[in-house]
Amino acid sequence: MIELKKKMPSFGAERLKGYYNLTLSDKAIRKIWKEEGLLKKKRKKHKTKNDLRAVKAAWKLCEQIDIDTKDLIDIPELWPQIQDNGLPKVQYTAREVVSGLHYVAYADERSLTYSSLFADILINHLQSCGVSLNGSRIQTDNGSEFIGSWNAKNDSAFTKTVQSVQGLEHHTIPPGAHTWQSDVETAHRLIEDEFYEVETLRSRDDFLAKTTTYNLWFNAVRKNSYKGNKTPWDIVQERNPNISPDIVALPPCYLDELFNKKFDSINKGGYDVVPHP
């Protein structure tokens, strides 16, 4: 169990015990880890999350999807691999609040163009799996990658992409109200703890393959203790058994590469469509 903790330092005693059928009690496992100096303090967040689980549980599936971005260059374990292997610097993340479904994409910078493309890919994926987005909302902060210029008089490209779907709206949180994005912020912490801090990523192809595996595991296998010890897919099935299981399997992609393919296709006289990841 010492080697397991070294391999997966963010995993707690209860989770490792469940995954590996360890016979010792949680208390005994933590005592051993403490003696070995293996207990790790979580990196502190700037604000405490509001506990709105009961309210969110009453929402319909896909009533709210939080989208945000995450800097990867701030992760000490990942930064040398970014430099050596040309890995992306920014993660684009979407989190469906009711089930916890989690989707990611990547680029080298924050961009209104890339966030709009990400939203387009996500919307098409959900609709193709049988999800109705009528009466739903996509929530973001007020970053320029979502709203464009702070003093813009017209809707941004991201807002137009979202609201081109009948009944789907783009909502922004009040300035500084980061706890409103607690679900996607939690996902950012989890992927950092469970993936970026422990994986060796040898190339851009290796990075994409491993993020694909992690995201599929997160959506279909990883149980969430805050959601009744269920996986996102468990909750999706309970809420709507007619939704395709493909909903858990949207693969991560490089948004800058996809945009360039789309741009090249338009220049060559092709159709203006979203390239499939």
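**Close-up 1. Contacts of L255 in the predicted model.** L255 is in contact (heavy atoms within 4.5 Å) with Y92, A105, Y106, A107, Y114, L117, F118 and I121, leaving aside neighbours within four places in sequence. This is a predicted model: local features need pLDDT of at least 70, side-chain atom pairs count only at pLDDT 80 or more, and totals for chains, interfaces and linings use all residues. Residues are numbered from 1 along each chain as its sequence is written, and side-chain values use heavy atoms, with hydrogens and water left out.

**Close-up 2. The largest nonpolar core.** A nonpolar core is a set of buried (under 20% relative accessible area, 1.4 Å probe, protein chains only) Ala, Val, Leu, Ile, Met, Phe, Trp, Tyr and Cys residues joined through side-chain atoms within 4.5 Å. The largest one has 41 residues. I67, I247 and L255 have the most contacts inside it. Helices (H or I, at least four residues) and strands (E, at least two) are DSSP runs, numbered from the N terminus. Elements that each supply at least two residues include β1 (64-71), β2 (90-96) and α12 (255-267). α6 gives the most, with 8 residues.

**Close-up 3. A second, separate core.** This core has 17 residues. Among them are V104, I191, L208 and F218.

**Close-up 4. Surroundings of S136.** S136 is found in the loop between α6 and β4 (137-140). Its relative accessibility is 2%, so S136 counts as buried. S136 touches K60, C62, E63, G167, L168 and E169, not counting residues up to four places away in sequence.

Methods: Buried means under 20% relative accessible area, exposed over 50%, partly exposed in between (1.4 Å probe, protein chains only).
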